[in-house]
Amino acid sequence: MNIKKSNFMKGILFSLVLVFIVGTLSACGGGSKDVIKVGSKEFTEQLLLGQITILALEDAGFEVEDKTSVAGSDKVRMALENGDFDLYWEYTGTAWLSQLQHDEPLTDSQEAYEKVRDEDAGNGFSWLQYAPLDNTYTLMMRREDSENLGIKSISDLAKYINENPGEITTAIDHEFSIRPDGYPGIQELYGFSQSEDAIKIMDLGIMYKTLQDGQVEVAMGFATDGRIAAYDLVNLEDDKNFFPVYNASPVVRNDSLEKNPEIKEILEKIAPLLDTDTMTQLNYEVDINEREPEEVAREWLQKEGFID
Amino acid sequence: MISTKISKSKFKIFIFPLLLLLIAFVYSFYVVNWPQDKIVANYVSYNKILLSLMQHIRLVIVSASFAIAVSVPLGILLTRPKFKVYSNVVVNIVNIGQTIPSLAILALFVGLLGVGFKSGVFALWVYSLLPILNNTIAGILGVEESIMESAKGMGMTKRRILTKIELPLSYPVIMAGIRTAVTINIGTATLAAFIGAGGLGDLIIAGNNINRWQIVILGALLSALLAILTDYLMGLIEARLKNKQ
């Protein structure tokens, strides 16, 4: 017992000394910039946003640690809370509905951004200027159909369906068929209805292909999916703001931002250029052309003149 | 006396199916009238239940009919002396169809036949072929040699031997194969919902995705009851065929 106890005390003493030494050393290095830990979730778009951030910060002279590809909205949030990340890109809709636990969806980008930003300020996080890219649900059509029938928005679609009943078939997945903020809600808000036969309910995995093959005229999808560009599909504009917004925005720990205020400057120049079409195209390069996220991110930053 | 006896036993036959229908109705009535929340209330209605059930039954009936129409004649053909040599090869090919996971068959043929009813029927058809084919072959080959010999001795033509001896004697075995195929089919048909063919799978998947147990159980219960009911009814037909002989 005694031996163990003294070992334990030694251990504590040793760690204290170590902490002291490390603390002193790092304080000495105050002249150079901090190491910034950049995180992301695990899917393509997040990896791209992570790489764009890393490359831009490195170009500005920061030392960056790559902490990207963590699965789960709660895990990344936790990583930000306990300092494993200094920053990562989060979606306003995800933060509002899932992390901050609100149940009424927000459908206006600016409003959603401001509400999330204000609430999270109290949690020690700063939401920088959001990107226009909105990775929400979408209704898609083939480009040629959209052009030939003159359907650009969901209102156009509703009008067309009401004037030509039975001509349009729509593919949706099971969840979308039952969620009150899914297809039943769209039909109600936009004022149209389709018969049971005209709504094909299927697995999300085959939806894009089904639309491309012309088996249906309209399908649901996710707005920045690379297949939208690959299959030459278009997103119909949600002109009555039915879908909740999922704009991406860099979220930074307040303490990191205070020490390194340039982060805000750098990322707020980049964010406005990341719109839905741009992101879809970048996702396409990774998902369909099977290129590395880092390579695609570097190419885009160079093209936009952010790095050499 | 005799007539009352028959009507009594006839009545008895229907007690079990009526009980199954009663369970199905009582549970449907419960979900429609006491939904757990608004989402369930909006989604489930008698119309919706009936539509899913009819889609399901249509998938099973059409695919099973095609399977019978192919497997029974094929089984007969493969037991003729001329074609007997091929029987192993054909059974093995059909067997391969059975080993591919049903979801994979559905996914594979979506590209070819499109989403919806056709692909669903095709996948279920592939799945029903083997039990029926196997039982047809086994049933015919199982007819006793001595009976065949005496039929030949009586000077019956091959055609008459088939229709008067082989088929009647192997009926119960063939029927058992059909019964197995159809019962399995009813369960597998829930997967057709993944490719837009509808059916009770719609209820199960949608309910599961949004985590509403009432809907999941509704879909699962109805397909289970449908399978039990079908199995029972086909068992009755099988028994009657046996009695006739």
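Helices here are DSSP runs of H or I with at least four residues, and they are numbered from the N terminus. All views show a predicted model.

**Figure 1. Helix α15 of chain A and the residue that follows.** Helix α15(A) spans residues 293-303. Within this helix, A:Pro293, A:Val296, A:Ala297, A:Trp300 and A:Leu301 are buried. Viewed down the axis of α15(A), these buried residues fall within an arc of 130°, so they line one face of the helix. An α-helix has 3.6 residues a turn, so residues three or four places apart point the same way. The partners against which the buried residues of α15(A) pack are α2 (44-59), α13 (262-270) and α14 of chain A. Just after α15(A) comes A:Gly305, whose phi is positive, at about 80°.

**Figure 2. The largest nonpolar core, with 43 residues.** The members that touch the most other members of this core are A:Leu139, A:Leu157, A:Phe176, A:Tyr183 and A:Ile186. Helix α7 of chain A, residues 154-163, gives the most to the core, contributing five residues. When residues up to four places away in sequence are not counted, A:Leu157 touches A:Leu139, A:Ile151, A:Ile168, A:Val218 and A:Leu236. Another core, of 35 residues, lies apart from this one; A:Val38, A:Ala131, A:Ile266 and A:Ile307 are among its members. In soluble globular proteins, nonpolar side chains tend to be buried together.

**Figure 3. The largest pocket and its lining residues.** The space in this pocket amounts to about 950 Å³. Its lining is made of 33 residues, and A:Glu196, A:Ile199, A:Ile201, B:Tyr43 and B:Lys48 are those nearest the centre. Chain A gives two or more residues to the lining from each of α8 (174-178), α9 (183-190) and β7 (199-201), as chain B does from α2 (38-43) and α3 (46-78). The largest share, six residues, comes from α3(B). By residue type, the lining of the largest pocket holds 13 nonpolar, 11 polar and nine charged residues.

**Figure 4. The second largest pocket and its lining residues.** About 570 Å³ of space lies in this pocket. Of its 29 lining residues, A:Thr138, A:Asn235, A:Leu236, A:Glu237 and A:Thr276 are the closest to the centre. In chain A, β5 (137-142), α11 (226-230), β9 (233-235) and α14 (276-287) each supply at least two residues of the lining. Helix α14(A) gives the most, with four residues. The lining of the second largest pocket comprises 12 nonpolar, nine polar and eight charged residues. A:Leu236, found here close to the pocket centre, is also one of the residues that A:Leu157 touches.

Figure 5. In chain A, the loop between α4 (92-99) and α5 (109-121) contains A:Gln101. Most residues other than glycine have a negative phi. A:Gln101 is exposed, and its relative accessible area is 65%.

Figure 6. B:Asn211 is located in chain B, in the loop between α9 (201-209) and α10 (213-244). With a relative accessible area of 63%, B:Asn211 is exposed.

Note on methods
Residues are numbered from 1 along each chain as its sequence is written. Chains are lettered from A and ligands numbered from 1 in the order in which they are written. This is a predicted model: local features need pLDDT of at least 70, side-chain atom pairs count only at pLDDT 80 or more; totals for chains, interfaces and linings use all residues. Side-chain values use heavy atoms; hydrogens and water are left out. A nonpolar core is a set of buried Ala, Val, Leu, Ile, Met, Phe, Trp, Tyr and Cys residues joined through side-chain atoms within 4.5 Å. Buried means under 20% relative accessible area, exposed over 50%, partly exposed in between (1.4 Å probe, protein chains only). Contact means heavy atoms within 4.5 Å. On a 1 Å grid over the protein atoms alone, a cavity is a set of points where a 1.4 Å probe fits but cannot get out, and a pocket is an open set with protein on both sides within 12 Å along at least five of seven lines; lining residues have an atom within 4 Å of a point. Grid points are joined across faces, edges and corners, and a volume is the space filled by probe spheres set on the points. Ala, Val, Leu, Ile, Met, Phe, Trp, Tyr, Cys and Pro count as nonpolar, Asp, Glu, Lys and Arg as charged, and the others, Gly among them, as polar. The arc is that of the directions from the helix axis to the C-beta atoms.
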